[in-house]
Amino acid sequence: MPRLKLKRKIKRRLRKKREPKLIEIYQRRFIEALRELRIPLLMLHTALTVGTLGYMLLSGGDFINSFYMTIITIGTIGYGEVVAGSDTVYGRIFTSFLSLLGIGVFTTSVTVIVRIFFKEDIITLYRAIRMLREIEELEGHFIVCGYDKTSAWLAQTLKKRKIEFVVIEDNPEALKYLQEHNIKYFITEEPYKRSVLLSAGIKRAKGMVVNLRDDARNIAVIVTARLLRPSKEEFYIYSFASTDGTAEKMEELGANKAFVPNKLLATRLAAYIFHTGSAFISDLFDRIAFGEETDIDILELRVEPGSPLVGKKLKEIDLRRSLKVTIIAIRKPDGELDITISGETTIEEGDTLIIFGRPKNLRRAQKVLLEEAHKVLEDKA
Amino acid sequence: MRYKKIITDFFILMALTTNISFIVSPNPYELVITVAANLAATILKIGEGRVLSTEMLASSLVADLHLIPALFIFFMGDSHEAVGLAQGALAANIISVIISIIETVLSAFTEEED
């Protein structure tokens, strides 16, 4: 008896339907749209079959000419009576009936078929399916929920940095702007749905920006996303909030950082007011920090215990000549920033090097320094 | 009574039976009716979203791609080659009928469970 119960339980579990993927829903909708083709195609097919068989009977089995005669009759081309037997009384009676029924059927069917094919739905669905397939290939990308002017600026910056991203926006009016702004990947669905986030590749994404112009909706998306990707270290969620209090709640619910747009803008503006005398430098640092200066970047590199850099003087490693990057400051493990470094400064364990340079050189420096450290540690082991 | 299923099954079986009769005694009318029945069966299968329906559509398309060239070849005078192609279409039609039966049995089980 218990075995039977277990069997039934397993069967019930197996029968439990899984949530369909967004791509599957779109594919189903696409197939349903194609179903509309059946009636016009069947009508056209019947007219062609009746016409061809009729003329075949009249001509004694001449298929090619009978088919041709049917086409020119129902297609209103009318080159004449090209098939044997069609110029007889029976032939003309048959042609008259075929014309009366066939011409209507032909024009209606062709119009309906063309309309179905060029209907916005089918083309949009086809494009959406293709886009979802491409999104399935993405890895380490960002998801931007909501598309307004702020998201448009963000998209532009991400594009400049060659960072792939998927926009999710449920307002169909935004579709026009998404296409106008050449956004490569977008999904026009409600972003707080699990299936939508999964289709945007949340499991493989690096982070997410939530900007839905409504705190409640933002929270719904943050919570759903955090349930799918629980680790704050592996998946970053940045959100917008209307007040400081809401921002705090969002961070408690799963956002890595919630911004209050007005406050952010005021802080940035204040920075300009405070540095009116050194406008160029403060503007440069500002642009670097906000990712607007794509030619120059800053990299933070932590010196791990056992790294070959430990105990070395800055003039010994001479990164400026070897890797074309400059160490501008060192952050000590206690958080203190040493900005008075020179060639005589010694690197200590746990230091974070603040390196300044071109993005390409910085990437190379990071790779070389990390690889070297890894090699030394391996040798020690 | 599901009329849609009756019509679809009618054309699937009609495609198979006319295909066999053409192979047994090659005849121009028989071939045209076979092609017409096959095309009708294909059209009726368009837009069916189930897994087995897509298999059925695929097998039907295979049969069409055998029979349409067979039609032209037959009327160009090579009836032997046309019969050969019709035999190929027969294999696809048999598979189509088998899938149709499996689908009917499966849907009967699902209905019972519901």
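Start by selecting helix H10 (residues 215-228) and helix H11 (residues 244-253) of chain A: they pack at an angle of about 15 degrees, with their axes 9 Å apart. That angle makes H10(A) roughly parallel to H11(A); angles under 35 degrees count as roughly parallel, over 145 as roughly antiparallel, 65 to 115 as roughly perpendicular and the rest as oblique. Axes here are lines fitted to C-alpha atoms, for helices over the stretch in contact, and angles run from 0 to 180 degrees between N-to-C directions. Helices (H or I, at least four residues) and strands (E, at least two) are DSSP runs, numbered from the N terminus.

A word on the model: it is predicted, so local features need pLDDT of at least 70 and side-chain atom pairs count only at pLDDT 80 or more, while totals for chains, interfaces and linings use all residues. Residues are numbered from 1 along each chain as its sequence is written, and chains are lettered from A and ligands numbered from 1 in the order in which they are written.

Which residues make the contact between H10(A) and H11(A)? From H10(A) come Asp215(A), Asn218(A), Ile219(A), Ile222(A) and Val223(A), and from H11(A) come Thr246(A), Met250(A) and Leu253(A). Two residues are in contact if their C-beta atoms, placed from the backbone, lie within 7 Å. By class, this contact has five nonpolar, two polar and one charged residues (Ala, Val, Leu, Ile, Met, Phe, Trp, Tyr, Cys and Pro count as nonpolar, Asp, Glu, Lys and Arg as charged, and the others, Gly among them, as polar).

Next, colour the strands. Six of them form an open sheet in chain A, in the order S3-S2-S1-S4-S5-S6, with parallel pairing; two strands pair if DSSP finds at least two bridges between them. At the edges are strand S3 (185-187) and strand S6 (257-259) of chain A, each pairing on one side only. H11(A) turns up again here, packed on the sheet and touching strand S5 (236-240) and S6 of chain A. The direction of H11(A) makes about 160 degrees with that of S6(A).

Zoom in on strand S1 (residues 142-145) of chain A, which is joined by four bridges to strand S4 (residues 207-210) of chain A. Four bridges also join S1(A) to strand S2 (residues 165-168) of chain A. For landmarks, Cys145(A) stands opposite Val210(A) in S4(A), and Ile143(A) stands opposite Val166(A) in S2(A).

Now bring up both chains. Their contact takes 17 residues from chain A and 13 residues from chain B. On the chain A side, helix H2 (22-35), helix H3 (38-59) and helix H4 (63-74) each supply at least two residues, and the largest share, eight residues, comes from H3(A).

Finish on Leu57(B), in helix H3 (residues 51-75) of chain B. Leu57(B) counts as buried because it has 20 C-beta neighbours inside 10 Å. Leaving aside neighbours within four places in sequence, Leu57(B) is in contact with Thr42(B), Lys45(B), Ile46(B) and Glu48(B).

Conventions. A residue is buried if 20 or more other C-beta atoms lie within 10 Å of its own, exposed if 12 or fewer, and partly exposed in between; C-beta atoms are placed from the backbone.
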